[in-house]
Amino acid sequence: MNQESYIEKAEENILHTYNRFHLVLDHGEGVYLYDTDGKEYLDFAAGIAVQALGYHNKEYNEALKAQVDKLLHTSNLYYNVPIVHAAERLKAASGMDRVFFTNSGTEAIEGAIKTAKKYAFTRDGHAGHEIIAMNHSFHGRSLGALSVTGNKHYQEPFEPLMPGVKFAEFNNLDSVKALINEKTCAIIFETVQGEGGIYPATVEFIEGLRKLCDENDILLILDEIQCGMGRTGEMFAWQHYGVKPDVMTSAKALGCGVPVGAFLMTEKVAEKSLKPGDHGTTYGGNPLVGAAADKVLEIMERDDIPGHVREIAPYLEQKLDELVEKYDFITARRGMGLIQGLVSEKSVGQIAAKAIEEGLLVITAGSDVLRFVPPLIIEKKHVDEMIQKLEHVLQSI
Ligand SMILES: *Cc1c(COP(=O)(O)O)cnc(C)c1O
């Protein structure tokens, strides 16, 4: 079948919740993807910041294949070996104390919210607590996660959502302060806002909120689902700030292609929050995803992937800054490490679509940001190739 017929069939049978790019991907190698016609694409999207190790990583694939032949699933009524290793590595990488594995990012957020609610319930002896989230945030599509996602367009059709959520301005400490009261149980935000337009948190904001949380026994929840796992040049973006969250979430690159997420917490939070019966999952942390996460974490640590990001990212930043200089309609660059955004006055949707014709995959964030979240293994030559392809597009629109 050719691409057109695959797309036709997809549109006949799959619920239309995405306006997809006109592209059927078939296989990948390193930082390149290939469509069903064999055309090559340089990938600066990485399946939305998932494929941190690129494609066809032999060591990773072998680990998964071996696990497939051994044991895929057990349920959480029993222990399994791969997830024990993965948990140990994730704890070491994050400095957190306890982990719960989920199947996705949105479920990790659900778990983090339940953790905060249960923590405050234990603290106060009653329920009815509030959470402060940020405007332009993105935490996922399930109803709890949607409730803390500061985007009216995503929320409105599904209201009423979870009550007790208030929205503050990201990077505006006073706006958060103004919302805190005795019911507040948690403040949740992305260390680097992703979908909302690639906004890194400022040092003052994170430090200020850590202090506020400490003073009021409120939990600081950091969503590292997109910006975590080495992407900013540290395993987790918050590690740049010298401030530790009480609860954090991970997903996307944690499995590098298999669906796995996690929420983690400190021992203090674990002691006062979720207990047997409070939370569960059938699939979460099964042997297959355990083997994947264990291998991803092993490779990231052994090959110092965050170190590689620290080396390569300044080059990408420099090249993107040159585009800001050169093109009137490219007005700014924002980002941290290998999560970067270019603000454009011309349609970013159109730029991303045209880039596909040039053999380049980039995606958008917010309404006017071109988002660059490549595999973390890119080299300078890939940055050069990307810029060359992108400039072709920028010159043609
Ligand atoms: C992608 C994302 C989520 C949701 O993860 P899913 O795996 O799509 O459910 C949550 N938070 C952030 C910051 C994300 O980027």
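1. The side chains of E322 and K319 form a salt bridge at 3.7 Å, N to O (a side-chain nitrogen of Lys or Arg within 4 Å of a carboxyl oxygen of Asp or Glu). The two residues are 3 apart in helix α12 (residues 305-326), about one helical turn; helices (H or I, at least four residues) and strands (E, at least two) are DSSP runs, numbered from the N terminus. K319 is buried at 18% relative accessible area, whereas E322 is partly exposed at 37% (buried is under 20%, exposed over 50%, partly exposed in between, with a 1.4 Å probe and protein chains only).

2. This is a predicted model, in which local features need pLDDT of at least 70 and side-chain atom pairs pLDDT 80 or more, while totals for chains, interfaces and linings use all residues. Residues are numbered from 1 along each chain as its sequence is written, and side-chain values use heavy atoms, without hydrogens and water.

3. D321 and R333 meet in a salt bridge of 2.6 Å, N to O. This pair links distant parts of the chain, with D321 in helix α12 and R333 in strand β13 (residues 330-336), 12 residues apart.

4. The whole structure has 23 salt bridges.

5. Just after α5 (residues 105-124), G125 has a positive phi of about 75°.

Notes:
Expected span 1.5 Å × (residues − 1).
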